Amino acid sequence: MRLGISGKGGVGKTTTSAVLSRTLARRGHRVIAIDCDSDPNLGANIGLGEEGAAKLRPFLDQSGPRRRVPEGLSPVQLLEEYGTPGPDGITIMLGAMAEKAGSG
Ligand SMILES: Nc1ncnc2c1ncn2[C@@H]1O[C@H](COP(=O)(O)OP(=O)(O)OP(=O)(O)O)[C@@H](O)[C@H]1O
Ligand SMILES: [Mg+2]
């Protein structure tokens, strides 16, 4: 099952994602939770804590004008290189991270 959660700011996307991930993992499902918010906080919400979440490295190449999946890595290699083990056996990945917030 692949599940994407999107919606208006502040409606509870991250909280819902974290609770769903933990619940599914506890029921025996293999869960890969990917935070696609460039102001990410799924790692902290899922239980890594602020310190653990700060160690997540974004897997998208942000060096060019468009973010890209790094070339030459298979999905399995991407997971091995950028996946971080979390509570209940969840693997957590971070897509991108803005270095600083801009205006509007
Ligand atoms: N079911 C709920 N009942 C009460 N408060 C909630 C509930 N779900 C989330 N919240 C609170 O609402 C706020 C926003 O939640 P959350 O961060 O999950 O939303 P979000 O959609 O991911 O926000 P953002 O768009 O900023 O990423 C948080 O302060 C959170 O604690
Ligand atoms: Mg959020």
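**Exercise 1. Work out the order of the strands in the open sheet and say which ones are edge strands.**

Start with the sheet: it's open, has three strands in the order β1-β3-β2, and its pairing is mixed. Now look for strands that pair on one side only; those are β1 and β2 (84-85), the edge strands. Keep in mind as you go that this is a predicted model.

**Exercise 2. Describe how β1 pairs with β3, and find the partners of I34 and D35.**

Step one: find β1 at residues 32-35 and β3 at residues 91-94. These two run in the parallel sense, with four bridges between them. Step two: go residue by residue. I34 has M93 of β3 as its bridge partner, and D35 sits opposite L94 in β3.

**Exercise 3. Which residues of β1 are on its covered face, and which on the uncovered one?**

A33 and D35 make up the covered face, while I32 and I34 make up the uncovered one.

**Exercise 4. Explore the largest nonpolar core: which of its residues touch the most other members?**

A bit of background: nonpolar side chains tend to be buried together in soluble globular proteins. In this chain, buried residues make up 18% of the 104 residues.

The largest nonpolar core has 13 residues, and A33, I46, I90 and I92 touch the most other members. Then ask where the members come from. α2 (42-54) and β3 are the elements giving two or more residues, and α2 gives the most, with four.

Finally, zoom in on I46. Ignoring neighbours within four places in sequence, its contacts are A18, S21, R22, A33, G86, P87, I90 and I92.

**Exercise 5. Find where F59 lies, and explain why F59 counts as partly exposed.**

F59 is in the loop between α2 and α3 (75-82). To count as buried, a residue needs 20 or more other C-beta atoms within 10 Å. F59 counts as partly exposed because it has 19 C-beta neighbours inside 10 Å.

Now see what F59 meets. Beyond its neighbours within four places in sequence, it's in contact with P70, L78, Y82, M93, L94 and G95.

**Exercise 6. What stands out about the phi of D88, and where is D88 placed?**

The general rule is that most residues other than glycine have a negative phi. D88 isn't glycine, yet its phi is positive, near 60°. You'll find D88 in the loop between β2 and β3. It's partly exposed, with 15 other C-beta atoms within 10 Å.

**Exercise 7. List the residues around ligand 1 and sort them by class.**

Notes. Residues numbered from 1 in each chain as written. Chains lettered and ligands numbered in written order. Predicted model: local features only at pLDDT ≥ 70, side-chain atom pairs only at ≥ 80, totals over all residues. Buried ≥ 20, exposed ≤ 12 C-beta atoms within 10 Å, placed from the backbone. Pairing = 2+ DSSP bridges. Near = placed C-beta within 6 Å. Nonpolar A, V, L, I, M, F, W, Y, C, P; charged D, E, K, R; others polar. Core = buried A, V, L, I, M, F, W, Y, C linked by C-beta atoms within 7 Å. Contact = placed C-beta atoms within 7 Å.
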